[in-house]
Amino acid sequence: MYLAITGLFRSNGEDIIAPFSIAGLIAIIYLIFKEGTEIMSGGIRIGDTLSGNVNTVGFNFGFISLLVTWQYCRKRKKSALALLTVLILFMLLTGSKKALLIVMMDVILIFMYEKGHASRWLKLFLIIIAGIYVIFNVPYFYDILGSRVESMIDTMLGRSSTLLNTYSYSTDMREEMIGEAFKLFLKKPLFGGGFNNFMANTVTRYEYSHCNYTEMLCSFGLFGTIIFYSKYVSNIKYIWENKLYRVEKYRNIAFIVAFLMIEMLIADWATVTFSGQCLGYLPIIFASAALDHVRRNKRME
């Protein structure tokens with residue numbers, strides 16, 4: 001995958017987003033064909049027919065949406081904006097809370113490219129307020145996502161109630177699994193207990209702890225976790241040391257790499273990516289290929 005994306009940068013850098021856009025569009029068309037009735041009726045999380053896990057669908061749409069957002073910011077094509085709008089709609093329909101965070105990143109990235117100062121941040125604020133209103137006040141979106149966000153917050157703050165439908169079982173179990181995985185890490189903090197350490201020792205019925213940080217720590221300890229995230233650190237370090245965000249030629253790449261790194265560092269709190277689908281590696285692969293493209297160009301200058 002890394003070699004393929006690097007090849008795309010080398011041969012056709014301007015249209016690097018095209019394959020991802022086509023893949024996203026095909027997935028959306030397939031989803032409409034398979035779950036059109038559920039989409040029209042509302043109140044139902046969609047995406048099962050694509051992967052069997054609606055959160056995975058929301059995350060993958062989210063990755064594509066960041067790339068399409070980047071494309072729109074650079075070229076201001078209406079086709080990119082139209083695709084981004086559809087992607088965001090389907091991300092919200094999956095009911096994934098991680099996807100909701102990526103939507104916010106999409107909006108922030110767009111306004112980072114906006115000219116002006118006070119006015120653009122005012123527009124950003126108004127759009128966020130409008131988005132919050134739609135999610136929590138429009139029944140179609142509230143039944144799919146808004147109610148889940150409310151239940152998650154109530155559960156995290158300890159004021160949930162099954163009778164009032166403000167209890168989130170998934171949030172409660174995630175908190176329990178993260179705590180259990182961290183305790184397993186403390187027993188063998190340096191190298192961990194080996195692959196699937198959580199599954200072998202958990203008292204829950206889940207196979208993994210639903211958090212990449214704790215899953216890595218309890219499986220491979222500090223040693224393995226540091227190695228896994230070292231590329232994230234080196235990518236950010238390279239951008240910072242070379243001040244790519246100030247170089248007009250490389251500013252665009254600096255932005256998308258930074259946002260992809262942030263996306264994964266946030267998403268890893270609520271999912272396990274190191275042993276999951278290969279698409280979980282796409283953000284770091286794309287970011288690394290992009291910076292490799294910068295390094296080659298800088299050597300030739």
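Which residues line the largest cavity? The close-ups below, all taken from a predicted model, start there.

**View 1. The largest cavity sits among residues of α6 and α12.** Its lining is made up of Lys98, Leu101, Ile102, Met105, Ile262, Glu263, Ile266 and Ala267. Helices α6 (97-112) and α12 (251-267) each put in at least two of the lining residues. By type, the lining splits into six nonpolar and two charged residues, with no polar ones. The volume comes to about 40 Å³, and a search of the whole structure turns up one cavity of 30 Å³ or more.

**View 2. The largest pocket holds about 1200 Å³ of space.** Here 41 residues form the lining, and Ser96, Lys97, Leu100, Leu101 and Met104 are the ones closest to the pocket centre. Sorted by type, the pocket lining has 27 nonpolar, seven polar and seven charged residues.

**View 3. The largest nonpolar core brings together 73 residues.** Ile5, Phe61, Trp70, Val257 and Phe286 have the most contacts inside this core. Helix α4 (residues 54-75) gives the largest share, with eleven residues.

**View 4. A closer look at Ile5 and its contacts.** Leaving aside residues up to four places away in sequence, Ile5 touches Ile16 and Phe20, along with Leu282, Ile285, Phe286 and Ala289.

**View 5. A second core stands separate, with eight residues.** Met173, Phe185, Phe198 and Leu217 are among them.

Methods. Residues numbered from 1 in each chain as written. Predicted model: local features only at pLDDT ≥ 70, side-chain atom pairs only at ≥ 80, totals over all residues. Heavy atoms only, no water. Core = buried A, V, L, I, M, F, W, Y, C linked by side-chain atoms within 4.5 Å. Buried < 20%, exposed > 50% of the residue type's maximum accessible area, 1.4 Å probe, protein only. Helix = DSSP H or I, 4+ residues; strand = E, 2+ residues; numbered from the N terminus. Contact = heavy atoms within 4.5 Å. 1 Å grid on protein atoms, 1.4 Å probe; cavity = no way out; pocket = protein on both sides within 12 Å on 5 of 7 lines; lining within 4 Å. Points joined across faces, edges and corners; volume = space filled by probe spheres on them. Nonpolar A, V, L, I, M, F, W, Y, C, P; charged D, E, K, R; others polar.
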